[in-house]
Amino acid sequence: MKKSLIALCLVVAMLATMLVAPAVAEEKPLGWNNVNAEGYVWPDYTGEKIRFMWWGSDTRAKITTEVVELYEQKTGLEIEFEYYDFTTYFTKFVAYQAANDLPDVFQMGNNWLTYYDTIQPLNKWIEDGTIDTTAISPAMLATTTNHANGDLTGMSLGTNARCFCYNPVIFDECGVPYPTPNWTWDEFAAACRTITEKTGNPAVCSVEFNNLVMSVVTQWKEGYNFYAMDGSDFAFGGDIEPLVYIVDLLNTLQQEGCIADYGIQNEMGSIESDWTAYGDAAMCMLTTNLFNALSKVAAESDISLELCTVPRVYADGQSGMVVRSSQQISIYSKSDKQEIAANFVNYFINSIEANKILNCERGVSINSDVLAALKEETDAVNAKIYTMIDLIGSFPDAALTSPAEPASNEEISNVLKAGYLQGLAEGKFASARECMEAFWAEAQVIWDKYE
Amino acid sequence: MQKTHKSGLRSLIHNDNTVGYVFTAPFIIGFLCFTLIPMFLSLYYSFCEYKIGSPAEWIGFKNYLDLFQDSKFSNSLVVTFQYVIVGVPMKLVFALLIAMLLTKPTQAQGFYRAVYYIPSLIGGSVAVALVWKQLFGSRGPIVTLIKAMGVRGFNFFGNSSWAFIPLVLCNAWQFGSSMLIFASGLKQIPKDYYEAAEIDGAGSISRFFRITLPCLSPIILFNLIMQLISGFMTFTQAQIITQGGPNYATHYIALDIYQNGFSFFRMGYACAESWIMLLIMAGITGIIFKSSSYWTFYEN
């Protein structure tokens, strides 16, 4: 409680500083570095070079490269870039970290706490206006803020939310009603069983089991969260009932063939290969920023997909869903080109021209001007994403941002999925309760190892 | 005086030892920098709490003691042994079989050898692992064939009893280097032995077990050791195809080391695992060498 209060005060102080300081001490006017302003003078970085690294699909690589090249043309800066898939990215990241040779600018996930030493807080560039935040709300800045000390660890590259998508044609053919914004796990299970019975296929393909388990903890009771907001502890008091409830349900549905088994899940290298895109599954779980790529593949088979919320434990209870930063762009703490890097970050986040190319592939833009410009020219698929983000944002409990992932999260998530959920499916545990009791005991041991 | 100095330098340059050192220097430097020093560093780190980017903190034997209580580590050892015990003999038998077929003189012998060697050139790559993932995947041709025979819900990668089979087969498919070594060994066996055996009325099976295998035993020893070491270090296929799953069924030791070091940031612990693995591999190799005097045959 005390820690949370301190953290809250620090965040408020930081945001207040950001708003007030420029007005008091700045000679430059507010929004002086707005790259969208008419007559904006681009800095001349001829002869300078920075390095930039990100992870993602080939689509992301293509559009990011285009934006990078655009910035090079405007400023004369040379940007050496490299990109990898998610797993390789962090292996490479750790190797660079060991050699003190990380790129000046890099993409970072919600696991930033694990790599905290490598990140340069952006506060000073926010304060002096180098990174223009005049069109970014404090709530959006808070999504990448370390709530323990007020450090801004990066600029969010977009917001997203975990949700489901479904194929309405399969629902119609099976006589199953469409999901509502507050549909429950019981309704979800009934829909899955009917669809699987009538189609002979798994009703659901990709499922992020770990994230569902964590979401249900939040849904279970007000005040519950798997991790505390500052990542300093667990936040559900060791009450394993929500874990038992959701693990039992998911395991039962998987045993009945309603949810694709772990082998199929593992085969889904990217969202584009999900069976939903080919009409062989009715639903899948995804983050909203991936809906565009999935819909493109589905469109090739004349399939139009829709987004829906994650089911709830109680129809009138908490949603367990949050609008969070999908990933962020950060500056290396040991970079000697931090000023240039900050200007590049400013361009990447705020430029309408750049973000029209990026097209919310990493998530819905946090800059309201950019978002407005994109919405003017949006297509049907992106409109569904915006609607879903707006809907989730309207849920009262979605005001909570996603907790900072503690360093132990990687191992805890791994043992939950590989050791316990898969173990239960293989009959290693007599019941979901026995499985979750064992998991909770191990989770605490793992937590202590990282303390 | 200067002349003496010059002639001294010349004799040093033309000294056989100097030439030897110069020619071996690239290897020695590479071995020191990329093998020996990292090895000793990893030995030091195995006694430390070490996270990349942070200073190492000496903790004595704690990592080693923790390892003996780590069920994930012991499971990794079990599944690695399972992989090696099934995979290595399968690969060697396959390599020997093809080598014997290819030693029969034909015009296209060179072409066939090259073709069979190709998988070994590309076999360890990520791209090949992805192809095998597709081949044995739930919608791949093999599972489709199995399903066509009336088996419902079958999936190699969804069941811990079946998941290792594609990995073992993928390894066996890369038999090219062993095959070439066997082929060269087969060529060294004197033809007189076979002619004498034929005159004595020995059949082809008898000739194989009484001449070919004994004469080939030194080559079998070499291939066995090389493949055992390679089997214990299996990583790419498991990482790409199954990611160690399901339920840790293919979570081989190299995968566990990688995961602890790079995903969980416990580099000291990963180093300790590596050293345990090195000792196990050295022990097994030592036993094979020791026992080889009972089953290998040297003409001289």
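## Domains of chain B

Let's start inside chain B, where the domain assignment gives two parts: domain 1, covering 1–45, and domain 2, covering 64–295. Please keep in mind that this is a predicted model. The C-alpha centres of domain 1 of chain B and domain 2 of chain B are 37 Å apart. Where they touch, domain 1 of chain B contributes 4 residues and domain 2 of chain B contributes 5 residues.

Which residues of domain 1 of chain B lose the most area to domain 2 of chain B? They are S42(B), L43(B) and Y45(B), which together account for 76% of what the domain 1 side buries.

On the side of domain 1 of chain B that touches domain 2 of chain B, the residues divide into 3 nonpolar, 1 polar and no charged.

## Where chain A meets chain B

Now to the contact between the chains. Chain A brings 27 residues to it, and chain B brings 27 residues as well. The two chains bury about 2400 Å² between them, with 47% of it on carbon and sulfur atoms. In chain A, the residues that lose the most area to chain B are N266(A), E267(A) and E426(A), together 24% of what the chain A side buries.

## Polar links and helices at the chain interface

How many salt bridges are there between chain A and chain B? The count is 2. R266(B) forms a salt bridge with E411(A), and their closest N and O atoms are 3.1 Å apart. The count of residue pairs in polar contact between chain A and chain B, both residues at pLDDT 80 or more, is 11.

Several helices of chain A build its side of this contact: α3 (86–98), α10 (262–267), α16 (409–425) and α17 (432–450) each supply at least two residues. The one that gives the most is α16(A), with 8 residues. By residue type, the side of chain A that touches chain B divides into 9 nonpolar, 10 polar and 8 charged.

Notes
Residues are numbered from 1 along each chain as its sequence is written. Chains are lettered from A and ligands numbered from 1 in the order in which they are written. This is a predicted model: local features need pLDDT of at least 70, side-chain atom pairs count only at pLDDT 80 or more; totals for chains, interfaces and linings use all residues. Side-chain values use heavy atoms; hydrogens and water are left out. Contact means heavy atoms within 4.5 Å. Buried area is the accessible area (1.4 Å probe) that two parts lose on being put together, summed over both. A salt bridge is a side-chain nitrogen of Lys or Arg within 4 Å of a carboxyl oxygen of Asp or Glu. A polar contact is a pair of N or O atoms within 3.5 Å; within protein, one must be able to donate a hydrogen and the other to accept it, and residues adjacent in sequence count only if both atoms are side-chain atoms. Helices (H or I, at least four residues) and strands (E, at least two) are DSSP runs, numbered from the N terminus. Ala, Val, Leu, Ile, Met, Phe, Trp, Tyr, Cys and Pro count as nonpolar, Asp, Glu, Lys and Arg as charged, and the others, Gly among them, as polar. Domain bounds come from an automatic or database domain assignment.
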